[in-house]
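Hello,

Here is the structure for your files. Please open it before reading on; my notes follow below.

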Amino acid sequence: MDKPRPTFPRPTSADGLPNLSEAHFAVPTPQTLRVDAPFTHAPRFLILYGSLRERSFSRFLAHEAARLLERMGGEVRIYDAHGLPLPDDAAADHPKVQELRALSIWSEGQVWVSPERHGTLTGVIKSQIDWLPLSEGSVRPTQGRTLAVMQVSGGSQSFNAVNALRVLGRWMRMITIPNQSSVPMAYKEFDEAGRMKPGPLYERVVDVCEELMKFTLLTRERADYLVDRYSERKEREPERLAGVAADVGFVKR
């Protein structure tokens, strides 16, 4: 005879939360997400692409995204990675590094476009992302910004590069939108002038840019609140900061 399955009491907050710091705990409410002040500038977008070739399909795709976002009312800047040193091969005060970091801080949303090379993203796009720190003093160059990911490939359709970009976007604490674009056999999808040809693949690019704009409008004035974390509020307490400093040897207890 089968044994009766054990039953367990339903957990509720009335059970108590002895490990919770009430001073740092906050309950999200609709009121805290309201934005009453009007926007003071157009949504700002930074676009990175992962190829330095003269005829670069990732650059062509980046330019198409730029045109669409601008048509939707955004302000767009595209970073040129020519001259950017390899990560750790130069100091962070290198002009190209400073330019990249300043653009990331300026942006409210970003688009990352990479070719697929050897089954993943390229070193060119990875180097750009690697030069962006999670934090620089009290400034976080990527946290809370929206992100759209796209890729081009020379062969059949693949999603390896966009999947890798999604992992990076999550790691950089960005709000990565659900939609994405993958353009297979890219040499067939762009004309001699570098403009994308009409068709379902172009329509997907329009979809992605439209979704990025929507998510950016939803979050741009709320980003600081959306990514504000209980654990980080605790870490900002003076006694916690002093304890961390002591643990790593900066000060003595």
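Is aspartate 228 buried, partly exposed or exposed? Aspartate 228 is partly exposed, because its relative accessible area is 32%. The cut-offs are under 20% for buried and over 50% for exposed, with partly exposed in between (1.4 Å probe, protein chains only). Aspartate 228 meets arginine 233 in a salt bridge, at 2.7 Å from N to O. Arginine 233 counts as buried, at 17% relative accessibility.

A word on the source. This is a predicted model, where local features need pLDDT of at least 70 and side-chain atom pairs count only at pLDDT 80 or more, while totals for chains, interfaces and linings use all residues. Residues are numbered from 1 along each chain as its sequence is written, and side-chain values use heavy atoms, with hydrogens and water left out.

Overall picture

The protein has eight helices and six strands. Both are DSSP runs numbered from the N terminus: helices are H or I with at least four residues, strands are E with at least two. From the N terminus the order is β-α-β-α-β-α-β-α-β-β-α-α-α-α. The C-alpha atoms fill a box of roughly 65 × 65 × 45 Å along the principal axes. Of the 253 residues, 40% are buried. The exposed surface comes to about 15100 Å², and carbon and sulfur atoms supply 55% of that. Accessible areas come from the Shrake-Rupley method with a 1.4 Å probe; for residues, only the protein chains shown count as cover.

Salt bridges

There are eleven salt bridges. The criterion is a side-chain nitrogen of Lys or Arg within 4 Å of a carboxyl oxygen of Asp or Glu. One of them pairs arginine 173 with glutamate 232, with the closest N and O atoms 2.8 Å apart. This pair links distant parts of the chain, 59 residues apart. Arginine 173 sits in the loop between α4 (160–171) and β5 (175–176), and glutamate 232 in helix α7 (residues 230–235). Arginine 173 is partly exposed at 25% relative accessibility, whereas glutamate 232 is buried at 9%.

Helix α5

Helix α5 covers residues 200–219, 20 residues in all. It reaches 29 Å from first C-alpha to last, close to the 28 Å expected at 1.5 Å a residue. That expected span is 1.5 Å times one less than the number of residues. The buried residues of α5 are Val205, Val208, Cys209, Leu212, Met213, Thr216 and Thr219. They lie on the same side of α5, because they cover an arc of only 145° around the axis. The arc is taken from the directions from the helix axis to the C-beta atoms. Turned away from that buried side are the exposed residues Pro200, Glu203 and Leu218.

Glutamate 210 is partly exposed at 38% relative accessibility.

What does methionine 72 touch? Its partners are Val206, Cys209, Glu210 and Met213, leaving out residues up to four places away in sequence. A contact means heavy atoms within 4.5 Å. Methionine 72 lies in the loop between α1 (57–71) and β2 (75–78), and is partly exposed at 30% relative accessibility.

Best wishes
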